[in-house]
Amino acid sequence: QVVAVRRGSRFVLALGTRSSACGALGAMVKYSREAKSGSKSCKAMGVDLRVHYKNTYETARAIKGMSLRVAQQYLEDVCEKKRCVPFRKYTGCIGRTPQAKEFKMSQGRWPVKSAKILLGLLRNAESNAEFKNLDTENLTITHIQVSMAQQGRRRTFRAHGRVNAYMNCPCHVEMLLEEKEEAVEKPSEDVKAKKFTKKQLAKRRLKVGGDA
């Protein structure tokens, strides 16, 4: 039996019952990076998100390396336009703002839609962490990746009977959060006595008694 399963804005054909097809599609999902310890990490992914790729790329780059709570607070501040997202790669026609000085940059924007999408993914990752009994206060975003998705195709009508393409640029987002490893003090090692050869000892004797 062929079953159509919705995946984002697309339908994928799969063999078997609907439940088995959904399970097969879930097993097909791959992340570009795996955690060092699967038991101390959680993941979240969004496919074919209707939000601009470039804005989402810069927003994701800004929160990489932050802890979960710090990233959530930062994205909420971006939505309220208290702090900006610095634009480091896609800088064409981006205005300057003094809020970008926080990141030692001059160009920045407030992509509210991208911030809300990433907040939703962080919420999803947090619920996954709670399901795995992880400490949500100790989670850090170690990996986040934004990839270009298939463009949506529309048309716009121009003068003299011409028709131009009118594309949108959705994206895929994946993130990986891991618990911080507790710092363990290095055990003090016993200082071993240095061993010298007969030649080295003879040279040292000469240096000590050379002026005599």
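Biologist: Which way do H2 and H4 cross, right-handed or left-handed?

Modeller: Keep in mind that this is a predicted model. Going by the helix axes, the crossing where H2 passes H4 is right-handed.

Biologist: And how is H2 set against H4, oblique or roughly parallel?

Modeller: The axes of H2 (residues 53-63) and H4 (residues 112-131) come within 9 Å and cross at roughly 55°. Roughly parallel would need an angle under 35 degrees. So H2 counts as oblique to H4.

Biologist: Which residues of H4 does H2 meet?

Modeller: On the H2 side, the contact uses Asn55, Thr56, Thr59, Ala60 and Ile63. Taking both helices, the contact residues are four nonpolar, four polar and no charged. The H4 partners are Ser114, Ala115 and Leu118.

Biologist: What about H3, is that roughly antiparallel or roughly perpendicular to H4?

Modeller: H3 (residues 68-79) and H4 have axes that come within 9 Å and cross at roughly 155°. Anything over 145 degrees falls in one class, so H3 is roughly antiparallel to H4.

Biologist: How many charged residues are in the contact of H3 with H4?

Modeller: The crossing is left-handed. Among the contact residues are Arg69 and Glu76 of H3, with Lys116 and Glu126 of H4. By class there are 10 nonpolar and one polar, and the charged residues number four.

Biologist: Which element gives the largest share of the lining of the second largest pocket?

Modeller: That pocket has a volume of about 150 Å³. Its lining includes Arg50, His52, Asn55, Val112, Lys113, Ser114 and Arg154. The largest share, three residues, comes from H4.

Terms used: Residues are numbered from 1 along each chain as its sequence is written. This is a predicted model: local features need pLDDT of at least 70, side-chain atom pairs count only at pLDDT 80 or more; totals for chains, interfaces and linings use all residues. Side-chain values use heavy atoms; hydrogens and water are left out. Axes are lines fitted to C-alpha atoms, for helices over the stretch in contact, and angles run from 0 to 180 degrees between N-to-C directions. Helices (H or I, at least four residues) and strands (E, at least two) are DSSP runs, numbered from the N terminus. Angles under 35 degrees count as roughly parallel, over 145 as roughly antiparallel, 65 to 115 as roughly perpendicular and the rest as oblique. A crossing is left-handed if the near helix is turned anticlockwise from the far one by less than a right angle, and right-handed if clockwise. Contact means heavy atoms within 4.5 Å. Ala, Val, Leu, Ile, Met, Phe, Trp, Tyr, Cys and Pro count as nonpolar, Asp, Glu, Lys and Arg as charged, and the others, Gly among them, as polar. On a 1 Å grid over the protein atoms alone, a cavity is a set of points where a 1.4 Å probe fits but cannot get out, and a pocket is an open set with protein on both sides within 12 Å along at least five of seven lines; lining residues have an atom within 4 Å of a point. Grid points are joined across faces, edges and corners, and a volume is the space filled by probe spheres set on the points.
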